[in-house]
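Please keep the model open while reading.

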Amino acid sequence: MSTPESAAPKLFTIEEINDLIPSLSRLVAEQLALQGEIERGLAALARSSGGLPNSIEVDESDDPELAQLKRELKDRILQYETGWGKVQTLGAVIKDPQIGLLDFYGSLDGRLVCLCWRYGEKSLGFYHDLEAGYAGRRPIEPETRARLLN
């Protein structure tokens, strides 16, 4: 994971992320529901056209049902992209949209780390080094909490 070269990332505290979790939970729940709708739309499109088409752009040769499926799928995908954009405006780095895994930048003993939250978790409880990823998540213990400061 890299940070933007032109600007230092916003650093979050545990409390700031915990304050965001109700909004994040709602937004990510909507995203996961849309993800399911997109998957169902792709399946319906494949059934209707005898396989997934090369494009979801409406073609003049499409029958009305197929054209409608494509329009609906395009709308859902746009909503999905817009929804993740809203999550990003809150400062999250989207790590795995399939499960609602988000990172936020934080500082531990003066070094940049990722504060890691997954959909369904009631509060921020994990962090990891920038290179470690989800598999390297470590719990935020009381002694670590005091060192996680901006």
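The largest nonpolar core has 29 residues, and Leu102, Phe104 and Leu115 have the most contacts inside it. A nonpolar core here is a set of buried Ala, Val, Leu, Ile, Met, Phe, Trp, Tyr and Cys residues joined through side-chain atoms within 4.5 Å. Buried means under 20% relative accessible area, exposed means over 50%, and partly exposed lies in between, with a 1.4 Å probe and protein chains only. At least two core residues come from each of helix H1 (14-49), helix H2 (64-89), S2 and S3. H1 gives the most, with eleven residues. In soluble globular proteins, nonpolar side chains tend to be buried together.

The model is predicted: local features need pLDDT of at least 70, side-chain atom pairs count only at pLDDT 80 or more, and totals for chains, interfaces and linings use all residues. Residues are numbered from 1 along each chain as its sequence is written, and side-chain values use heavy atoms, with hydrogens and water left out.

The chain has three helices and five strands, in the order α-α-β-β-β-β-β-α from the N terminus. Helices (H or I, at least four residues) and strands (E, at least two) are DSSP runs, numbered from the N terminus. The radius of gyration, taken over C-alpha atoms, is 19 Å, well over the 15 Å that the globule rule gives for 150 residues, so the chain is more spread out than a compact globule. That rule is 2.2 Å times the number of residues to the power 0.38. Along its principal axes the C-alpha trace spans about 65 × 35 × 25 Å, and 34% of the 150 residues count as buried.

The five strands form an open antiparallel sheet in the order S1-S2-S3-S4-S5. Its edges are strand S1 (93-96) and strand S5 (138-139), each of which pairs on one side only. Two strands pair if DSSP finds at least two bridges between them. S3 and strand S4 (residues 126-129) are joined by four bridges, and Cys114 has His128 in S4 as its bridge partner. The loop between strand S2 (101-108) and strand S3 (111-118) holds Asp109, which has a positive phi of about 55° although it is not a glycine.

Is the lysine at position 70, Lys70, buried or exposed? Lys70, in helix H2, is buried, because its relative accessible area is 5%. Among its contacts beyond four places in sequence are Leu45, Pro53, Glu57, Asp59 and Asp62.

The whole structure contains eight salt bridges, each a side-chain nitrogen of Lys or Arg within 4 Å of a carboxyl oxygen of Asp or Glu. Glu30 and Arg26 form one of them, with the closest N and O atoms 3.5 Å apart; both residues lie in helix H1, four residues apart, about one turn of the helix. Another joins Lys74 and Glu57 at 2.9 Å, N to O. Lys74 lies in helix H2 and Glu57 in the loop between H1 and H2, so the pair ties together parts that are 17 residues apart in sequence. Lys74 is partly exposed at 32% relative accessibility, and Glu57 is partly exposed at 46%. Salt bridges that share partners also join Arg111, Asp129 and Arg138 into one network.

How values were computed:
Contact = heavy atoms within 4.5 Å.
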